[in-house]
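This briefing is meant for a reader who is new to the structure shown below.

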Amino acid sequence: MADSIMSKAATMEIPINSNGDTGTLAEDDSLEQDLQQVMVSGPNLNETSIVSGGYGGPAGGIIPTSTIKGPAIRFNPEYLDRRQAPAAAPGSSNHNTNSSTEEVSRGVAVEKLDSVKKWGINTYKCTKQMFSERFGRGSRTVDLELEAQIDVLRDTKNKYENILRLATALISHFQNMVQTQQALGDTFTDLSQKSPELQDEFGYNAETQKLLCKNGEALLGAINFFVSSVNTLVNKTMEDTLMTIKQYENARLEFDAYRSDLEELSLGPRDAAAMVRIEMAQHEYQIHRDKYERLRSDVTIKLKFLEENKVKVMHKQLLLFHNAISAYFAGNQQQLEQTLIQFNVKLKPPGSDKPSWLEEQ
C-alpha cells in the first residue's frame with residue numbers, strides 16, 4: 001500500500017538547468033514555494049506525516065511518522081544546488097602509480113642514452129686527435145718541464161723494481177743457505193754424540209753453524225724489512241702518482257681534441273647554426289681546459305711530495321741494508337743486533353711461517 005501511495009510522488013521530476021538552479025515552470029514554482037514553507041515553518045520530520053498521492057492529493061493516505069524510529073533529520077536547502085562529485089574509479093590509484101613508475105623509468109633511460117651519446121662523441125674526438133698526433137697531422141700541448149719529471153719517475157720506478165727483484169732473489173738464496181747451515185749444525189750435533197773420538201770437533205762446528213744460522217736469520221729480517229719498504233714505495237706511492245699522471249695524460253688528449261675541434265669550427269662559416277656550434281664547442285673546450293689544468297697541478301704536487309718521500313725512505317733503508325750486510329759478513333753479531341734495534345726491525349720467531357695445525361686440517 002505504501003508503494004502505491006509513493007509511486008506518484010516518486011515519478012515527479014524537478015528539472016535542473018546548467019547552473020544547478022531549478023526550472024521556471026509554474027508547477028515547479030508552486031512546489032518550490034511549498035518546500036521552502038515546509039523547511040522554514042514545518043515541524044521536525046519525526047513529528048510530521050508522509051502524504052502520498054502526490055501534490056494536492058487527498059488526505060486519506062496519511063502515515064504518521066511518529067511510529068518510525070530513528071534520529072532527527074534536518075533538511076539543508078543548499079543540498080539541492082550541490083552537484084555530486086564523480087567517484088574515483090577503482091583502479092585509478094594503481095594507474096597513477098604505474099604512470100609515475102613509467103615516468104621514472106623513462107627518465108633513467110633518457111639519462112643513460114645521453115651518457116652513452118656523450119661518451120661516444122668524446123671517444124670519437126679523442127681517437128681522432130690521437131691518430132692525428134701519431135701521424136704528425138695534429139698538434140699537442142706539451143709541458144716540457146713536467147714531461148721530463150714524468151720520464152724520470154718512470155725510469156726510477158723501473159730501476160727500483162729491478163732492485164726489488166734482485167733483493168727478493170737474494171732473500172731466496174740466502175734463506176736456502178741458512179736452512180742448509182741449520183741442517184748441517186743439527187748433523188754435527190748428532191755426530192758429536194755418536195762419535196766420542198770426534199766429539200769436540202763436531203761440537204765446535206755445530207756451534208759455528210748454529211751461530212751463522214742465527215746471524216743469517218737476523219740478516220734475513222733486515223733484508224725483508226728493506227724489501228717491504230721499497231715495495232711500498234714502488235707499488236703504492238709511485239703507482240698512485242703514475243695513476244694521476246695517466247689521468248693527466250687522458251685529460252691532455254681530451255683538451256687537445258676539443259681545442260682542435262674549436263679551431264676547425266672557427267675557420268668555417270659564421271652563420272647562425274655555425275655560431276651555435278662554436279658556442280657549444282667553446283663551452284666544452286673551457287670545461288676540458290679546466291680539467292687539464294687541475295690535473296696538471298695535481299701531478300706537479302704529487303711529484304714534489306714523492307721525491308721528498310723517496311729520499312727519506314731510501315736514506316733509511318739503504319743505511320739499514322749496508323749496516324746489516326757489513327755486520328753479518330764481518331762476524332760482528334753485536335753490531336748486527338744493534339742495527340736491528342736501531343731501525344726497529346722485529347724478527348719472526350722460528351717456525352712462524354709454518355701453518356698452524358688448524359690450518360693443516
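Helices α6 and α7 count as roughly antiparallel to each other, a term used for angles over 145 degrees. This is a predicted model, in which local features need pLDDT of at least 70 and side-chain atom pairs count only at pLDDT 80 or more, while totals for chains, interfaces and linings use all residues. Residues are numbered from 1 along each chain as its sequence is written, and side-chain values use heavy atoms, with hydrogens and water left out.

**The helix pair**

- The axes of α6 (residues 272-329) and α7 come within 8 Å and cross at roughly 160°, on a scale where angles run from 0 to 180 degrees between N-to-C directions.
- The contact, meaning heavy atoms within 4.5 Å, is made by Leu 320, Asn 323, Ala 324 and Ala 327 of α6 together with Gln 335, Leu 336, Thr 339 and Gln 342 of α7.
- Sorted by class, the contact of α6 with α7 has 4 nonpolar and 4 polar residues, and no charged ones.

**A loop residue**

- Asn 344 lies in the loop between α7 (333-342) and α8 (357-360), and its phi is near 55°, a positive value in a residue other than glycine.
- With 55% relative accessibility, Asn 344 counts as exposed, since exposed means over 50% relative accessible area and buried under 20%, with partly exposed in between (1.4 Å probe, protein chains only).

**Cysteines**

- Cys 126, at 11% relative accessibility, counts as buried, and Cys 213 counts as buried at 7%.
- A search of the whole structure finds 0 disulfides, a disulfide being a pair of cysteine sulfur atoms within 2.5 Å.

Notes: Helix = DSSP H or I, 4+ residues; strand = E, 2+ residues; numbered from the N terminus. Parallel < 35°, antiparallel > 145°, perpendicular 65-115°, else oblique. Nonpolar A, V, L, I, M, F, W, Y, C, P; charged D, E, K, R; others polar.
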